[in-house]
Every structure is written in C-alpha cells, then in structure tokens.
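Subject: Structure for your review

Dear colleague,

Please find the structure below, together with a short account of what was found in it. I would be grateful if you could read the two side by side.

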Amino acid sequence: MERLWGLLQRAQEMSPRTSQTIYKRVEGTQQGRLEEEEDREEGSESPAHFCPMELRGPEPRGFRPRQKTLGPWVAAGRRVTPYLVLTALLIFTGAFLLGYVAFRGSCQACGDAVLVVNEDVNYEAGPDSHHGPLYWSDLQAMFLRFLGEGHLEHIIRQTSSQQRAAGSPGMAALAQDVRTEFSRQKLDHVWTDTHYVGLQFPDPDHPNTLHWVDASGRIGEQLPLEDPDVYCPYSGTGNTTGELVYAHYGRPEDLQDLRTRGVEPAGRLLLVRVGLISFAQKVANAQNIGARGVLIYPDPADFSQDTHKLGLPSHRAVYGHVHLGTGDPYTPGFPSFNQTQFPPVQSSGLPQIPAQPISADIASILLRKLEGPEAPQEWKEHFSGPLYRLGPGPGLHLSVNNRRVSTPISNIFGCIEGRSEPDHYVVIGAQRDAWGPGAAKSAVGTAILLELVRTVSSMVSNGFRPRRSLLFISWDGGDFGSVGSMEWLEGYLSVLHLKAVVYVSLDNAVLGDDKFHAKTSPLLINLIENILKQVDSPNHSGQTLYEQVVFTNPSWDAEVIRPLPMDSSAYSFTAFAGVPAVEFSFTEDDQAYPFLHTKEDTYENLHAALRGRLPAVARAVALLAGQLLIRLSHDHLLPLDFGCYGDVVLRHIGSLSEFSGDLKARGLTLQWVYSARGDYIRAAEKLRKEIYSSEESDERLMRMYNVRIMRVEFYFLSQYVSPADSPFRHIFLGRGDHTLGALLDHLRLLRKDDAGAAPSLGFQESRFRRQLALLTWTLQGAANALGGDVWNIDNNF
C-alpha cells in the first residue's frame, strides 16, 4: 500500500519515477519460469519500451483550452480520476501477487532448477565500480576478452626451460617470480607458506646399481643404468639379491596370476611395467606378497604405436615416488613447519623394499634371460622374436642408496576477497616443481594458474566482484607426492573444512588433445556437464566439448568422469580434508603421454606431440577452470549436487546385496546401511524443497543453505577414526578398514571361506560388525548433518 500511495503521489506531482524489473530464466525439468530480481536503484534509467503514465495536475495560469466550456460531467470526471487510477492499481497489484504466489507454489516440482546454470543471473558490480549489473553472459564475455593464448604459450616455454626441482636454487628463483607476478596483479593478499620436509634424493657419492649374480651367489657384471639420475623417492634403501620374475603391471591380480601359473613371486625381484596403477601401489603390492625388490620400466606397448607420433627413447627411464600416501612421510598427520618437534615416526605407506626405474632397453635384456612358463599374450603385446617367459630367471643384485634430506619448500598464495561471503574460499592450484623439464607435468598448470590470476584480476578492475573469496596457490614438492599441498592441509585442516568450498587442480592438464577427462567428486558432476556445454572444443571446430564427447558416447559421464586417484593433488583435498575437488586432463587417444616424468618432457616435445595445438588446448582448460571459478564464487546458491551421494550409495549397495544370502545364513544383515541411505535421500530432498520455497534475495537464508551444502563432502569423512592413524577417512575414496571398499573386500572372503581358505585369512564376524558400524554411522551422520538443526532431523533409526 505504501508503494501504491507513493506512485500516486509522484504522479500527481508530475514527476514520475520509472522502475525497472530484471527477470532471469531458470531452467527446470518441466518448464522454465521467470523470477523477479531486485533492481530499483535510485536514478536508474527506464528501458526504451517503457512508457510511464502521466497524470496532469491543475493547469497553469494562462492556459487556453480548445473548448470554451466543459459540461458538469467533465468536472466530476476530473474529481474521480485519481480514485479510479488508485482502484485500478490495487486490482492489478492484487491479481499479480495472487498469480505470483500460485506460480511459486507450483514450482516446487521443478526438479533441480535451482541448481542448474542460470545464464541471466544478475551479478552486482563492485562498490567502486561505475558499471551496471553484470550478468552471466557479461562475465563470460569479459572473461573471454581478457584471456589470452599468447601469454600461456610464453609462460609454458619459459617455465619448462628452468631447472626447478624441489629445494633447488632454480625453484627458489621461480617461487620469487610467481610471488612477484601475484603482487603485480594487485590481489588483496599475497603470502608464502614455508615447510621443512623430508625428501629423498640419490647419493652422488654412492649411486644406485644393478648387477648380475651367478649361480654361486657371486656378484658379477654391472648392468648399465642409462639414466643414473632417475630414481624412486622414498624407496627402501640397502642391498637385495634375488631371482627375477616378470609381473606385468604389478597389480594384485597380476601377482595372483603368477601363482596360478606356478611362479612364486615371494623372495624374488619383480620386473613390472609403468602404467595402470601408481609406482607406490606397484611396490606396496610387491612388498605385501613378500618380494625383495622391484624394477619398473616403460613398455613401448603402453604408448602410441603410430610411427608419425613421438615416442619415448628406449634408453630413457621414468621417475616416480613410491610412498603410498601424500605429504611428508616423516611427519604423518602433522604439518612440517619449522621449529616444531615430532616423535620419530614415519608413514605406514613407506616401503621397506628397494625400487629402481630402468629403461626399456635394460628390461628387454632381462626378459630374454627369463625361464619358466611362457608369458600370457596380453603380457607381451609388443614383443616379437623369441618367446618371453615369466621366470624365474638369473639372479640380480640391486643396490639403492637414496638419502633423506631436510628441505625447505614454499607454497605461494594469492587471494581476491569475496564481497558477501569472504570467509568461504574457492581454491585453485597448480604444482610448480618438476623433476626434469616438466613441461606437461607442471609448466602448463603454472601457466594456466598465472593466466587465470591475470584474467580475473582484470575482470575485478572492470566491475567484477565475487561473492566468495578466490584463493590461487602455486604448490611446491608435488613430485614427491603432493607434499606442499598436503602439508598445508594438515596445518590448516581445522579451518579449511569449514571454509573451503571446492578445490580445482591444474596439474597434468594437457597430455594430448583428443580425449577429455575430469577426475572429480560426485558433487561437481552436474556443474561440469553444464560448463562443458559452454566451452568450444579445441580440436573439433563448431562443437562444444560436450558435443564432442556425446558424438562418440551418448553417456557423457561414462566417457568423461573418473574417480580421484591418490597420485592427484586433488585427492587429499577430498579424501583427507573433505573438500570436493576436480582435476581436468586432455589426453591423446587414451594413450599415456610418453614423456611424463622423464627428461624428455620438454616444451618442444609437448608442442610436437600436440601438433602445434598446445596453446589452444591450454586455453580450453583455462576456459573450463575459469568458468567453474566464476560459477562457484558467484552463484547465490552453491551449484553442488548435494543429493548425488544417495545415488552413489545405491550403486554400491548393489555390490553389497550380492552377499545378503551369505550374511543371512550367519544371522547378519545389511539393513542398517539401507536405512541410513534412505535417511540421507530424505534429508537431501527436504533441503531441496526448502530451497525451492525460499527467496534467493534473503542473504541470511542463502548463507545458511550454502554452509550445509559446502560441508556435504566433509560429512563423509569417518569421525570414528583418527586422522593421524587413517588420514584418508573418506568412506568412498579413502583407505582403511572404515571404507566401503574394505567392507566389500572383506565380504568377498565369505566365498573364499566356502572354498576352504585358511580361517585366519577368511571372513571374521567381529571385524565385519565393526566395519559395518563405521560405514553405517558415518552415512547416518551425513544424513543428520544435511537435515539441519537437531530438532528437524527425521530418521528411521
């Protein structure tokens, strides 16, 4: 009513004030809808098509009417005109409000409309800006205008030409350059975090060696290691001797296959090839079955056989750490800050057996000496000539003399503070160090990071101001197992799980240009799909990345989405800190980039492998990451699919249900897991309905919802195990007896019990009950937390 009286009063004063309404289209599962957004700022201009009604007041002195006299009915009409106008306005407003309320009520069935991309979202300009409201399309256009391919190519070339191993003088110089660049862009905050960590390096006075051993056990001729600088950080040290056995990729199924074929790997040296699983997993598997040591080589069959494409020279070996974990293994669970004292402990992921990389040439010599059963055809794909066998073969003596060195590493940080939620961080980072030239390993990621800093800073100068803070990080120590990022997480875990929204990794971003993969938390899958529809493919003209994917596989997520592996820097953010994370990668025909972690990972080789398309592909990654940052830092409601974990649990329940009959025969049941999953789904649906029926303009309410949404990933960290003992507490992605994977592995022993397995190695009811309790109550806790306040929790337990 006050607004209507105000309109009438202004009309009578012949000073009409225009008003403007901005609408946004929200895509829903059934239909779109228009929602009104506020834009009634003082002095706003009227759009061209808007014609305000003008009400004339008393005529000025000297005014000459066209007719000399007016009838009495005309005078009466003048007197009642204001009341007629007021009545019409009241009727129109009442009808409008009634229709609006009715339509809003019907929109509760619009599916996930509130969570999808809204191309007309109104983003307010910064307080010092003289620009008008910024829309999603405006932000996209601004981002594209400031992003440049030329900068990317120059930085990749320059960074890959520098020697920058962790702890080296080159690394210190590059760290200073990155900090200077952050400061030049006038970010709100720039700082450095230094840790003193235990890294392992070769001993130049006592290099690692490999010798033949004759039948009498005497050490004989030395086998040349063409790359004496290549080694496995965190390998067990010392000397070991044993017969050689070929174990394919060193997976558990490969080792079991050896035993099935009558070859015992225990007590012997294993020869395994690079790929499929990490170096650390290969060595851990070998140690678990009692092997004495591991030799790791790059098999040509694992790379492209196209003669027109570059391949790794046969005399090159591949670098890789063998710590089954992340961070400094000598301070597990604690940050490695200077002047701190820790008990003399080390990570359980450190191997006790030695491991050493060798080249394909040396591996070929060893394979020709093996005896025993013939290797399966799939184990010897590229071999020709003589048959290759599994072994055992001649004896070998392996000596590994790596030494531990306390090394300072520095992470560089830059921050753009958010406008409305500055205490919530959207984090993006890239590894800066590299063993060797590291063009693909870290130079590309560093270049994209610096370009995004420059681009977003330019956008801020032109009126863009994020709701949430953007945190840009250049990591050190990445080639030793994400040491820099993990130490930072350990140091600030109590803060980050409350404040970090999402982590975006730029590591290993460009390894080809044919296939695109996203290793990610399920919470981000829907957002990634939407971003893919808005980024042009770098190698298919006229297509978006999404169209490129669905052209070959209609199930886009099966083609693109991958789980987060432990050797990704993004893994620790999710599995340790409970922060949803993603790492993007372009690959070549699903073949491994042959030069990764070698001295051949140069700018020239990467540029040639992509046939000159390196700048375009790097720019595509920058577009993906940049638009992801804008959405996450600016949407009123965080675009995270908090209901997705109900589907994740359902998929795993299918595997659990296979054992229902076996458990029932023992008087056991999985019913509690099913009930917890049902409670989670109901909590997610309840929250979704609350959001649909709320007003987006209510900042307090939106913040409350965002806090609940951003902590969903954290809810799946088991609160019943210690971070020091089991750092990766995530029940789906983590490692330990509390995980769903461990429960499934234990249930499979039910079938082995029937096959006559040893009781000590078989199914144990007490262990199963504990695993079930850990899994069930973590899932139930996630449902309760998502449900909101304790008086609103509704579950069936």
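Which residues make a nonpolar surface patch of about 370 Å²? In this predicted model, the patch is formed by Val790, Trp791 and Ile793. Val790 lies in the segment that follows helix 24. Because its relative accessibility is 68%, Val790 counts as exposed.

Helix 24 itself covers residues 765-787. Its 23 residues, at 1.5 Å a residue, should span 33 Å, and the end C-alpha atoms are 32 Å apart, so the two values agree.

Which residues of helix 5 are buried? They are Gly170, Met171, Leu174, Ala175, Val178, Glu181 and Phe182. These residues cover an arc of only 135° around the axis and therefore sit on the same side of helix 5. Pro169, Ala172 and Arg184, on the other side of helix 5, are exposed. For reference, buried means under 20% relative accessible area and exposed means over 50%.

Just after helix 5, Lys186 takes a positive phi, here of about 60°.

Kind regards

Definitions and conventions:
Residues are numbered from 1 along each chain as its sequence is written. This is a predicted model: local features need pLDDT of at least 70, side-chain atom pairs count only at pLDDT 80 or more; totals for chains, interfaces and linings use all residues. Side-chain values use heavy atoms; hydrogens and water are left out. Helices (H or I, at least four residues) and strands (E, at least two) are DSSP runs, numbered from the N terminus. The expected span of a helix is 1.5 Å times one less than its number of residues. Patches are made of residues with over 30% relative accessible area and no salt bridge: like charges are joined within 9 Å, nonpolar side chains (Val, Leu, Ile, Met, Phe, Trp, Tyr) within 5 Å. Accessible areas come from the Shrake-Rupley method with a 1.4 Å probe; for residues, only the protein chains shown count as cover. A salt bridge is a side-chain nitrogen of Lys or Arg within 4 Å of a carboxyl oxygen of Asp or Glu. Buried means under 20% relative accessible area, exposed over 50%, partly exposed in between (1.4 Å probe, protein chains only). The arc is that of the directions from the helix axis to the C-beta atoms.
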